[in-house]
Amino acid sequence: MSGIHGTACTRGTAKGGAAGWRFAAAEWLHLAAAPTFMAMALLTGIADGSTMDVLCGASTHGMPLNAMATMYLLMGVFQSTPWLKLIRDRGNRPSG
């Protein structure tokens, strides 16, 4: 059993067998989305002088975030719900 008690991750394993394992893996996969999108936003925002700048003559170099970085940032924010639920459930755990 994992160290996260009382969340959907451990409730899924109570089903047992392959179905429980698949459910738990899917729950953990939800947690991987937000950090992945945030890392992509960071890397896209840092990358300067990409090949698209050569193709697009109207690129704006004065903007702190380009369109792709903004999109990845928004995707990361929208995918942060599983993390917020995990934090909420950890705070509601009875001590002892």
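Reader: Hi! Where does Leu84 lie?

Author: Leu84 sits in helix α5, which covers residues 81–91. Keep in mind that this is a predicted model.

Reader: Thanks. Is Leu84 buried or exposed?

Author: Leu84 is exposed, since its relative accessible area is 54%, and the cut-off for exposed is over 50%.

Reader: And how are Leu84 and Leu31 placed, going by their C-alpha atoms?

Author: Their C-alpha atoms are separated by 9.9 Å, while along the chain Leu84 and Leu31 are 53 residues apart.

Reader: Let's zoom out. What does the secondary structure come to?

Author: The protein has five helices and zero strands. Reading from the N terminus, the order of elements is α-α-α-α-α.

Reader: How much of the protein counts as buried?

Author: Of its 96 residues, 20% count as buried. The accessible surface is about 7,000 Å², and carbon and sulfur atoms account for 68% of that.

Reader: What about contacts between residues at least 6 apart in sequence?

Author: Among those contacts, 66% join residues at least 24 apart.

Reader: Good to know. Now on to helix packing: at what angle do α2 and α4 pack?

Author: Helix α2 (residues 17–46) and helix α4 (residues 67–78) pack at about 160 degrees, and their axes are 8 Å apart.

Reader: Is the crossing left-handed or right-handed?

Author: The crossing of α2 and α4 is left-handed.

Reader: Which residues make the contact?

Author: From α2 come Ala34, Phe37, Met38, Met40, Ala41, Thr44 and Gly45, and from α4 come Met68, Ala69, Tyr72, Leu73, Met75, Gly76 and Val77.

Reader: How do those residues divide into nonpolar, polar and charged?

Author: In the contact of α2 with α4, eleven are nonpolar, three are polar and none is charged.

Reader: I'd like to look at Ala69. Is that residue buried or exposed?

Author: Ala69, which is found in helix α4, is buried, because its relative accessible area is 1% and buried means under 20%.

Reader: Which residues does Ala69 touch?

Author: Leaving out residues up to four places away in sequence, Ala69 touches Ala41, Thr44 and Gly45. Ala41, Thr44 and Gly45 are among the α2 residues that make the contact with α4.

Reader: Last one: what separates the C-alpha atoms of Ala69 and Thr44?

Author: The separation is 5.3 Å, with Ala69 and Thr44 lying 25 residues apart along the chain.

How values were computed: Residues numbered from 1 in each chain as written. Predicted model: local features only at pLDDT ≥ 70, side-chain atom pairs only at ≥ 80, totals over all residues. Heavy atoms only, no water. Axes fitted to C-alpha atoms, helices over the stretch in contact; angles between N-to-C directions. Helix = DSSP H or I, 4+ residues; strand = E, 2+ residues; numbered from the N terminus. Left-handed = near helix turned anticlockwise from the far one by under 90°. Contact = heavy atoms within 4.5 Å. Nonpolar A, V, L, I, M, F, W, Y, C, P; charged D, E, K, R; others polar. Buried < 20%, exposed > 50% of the residue type's maximum accessible area, 1.4 Å probe, protein only. Areas by Shrake-Rupley, 256 points an atom, 1.4 Å probe, with all protein chains shown as cover.
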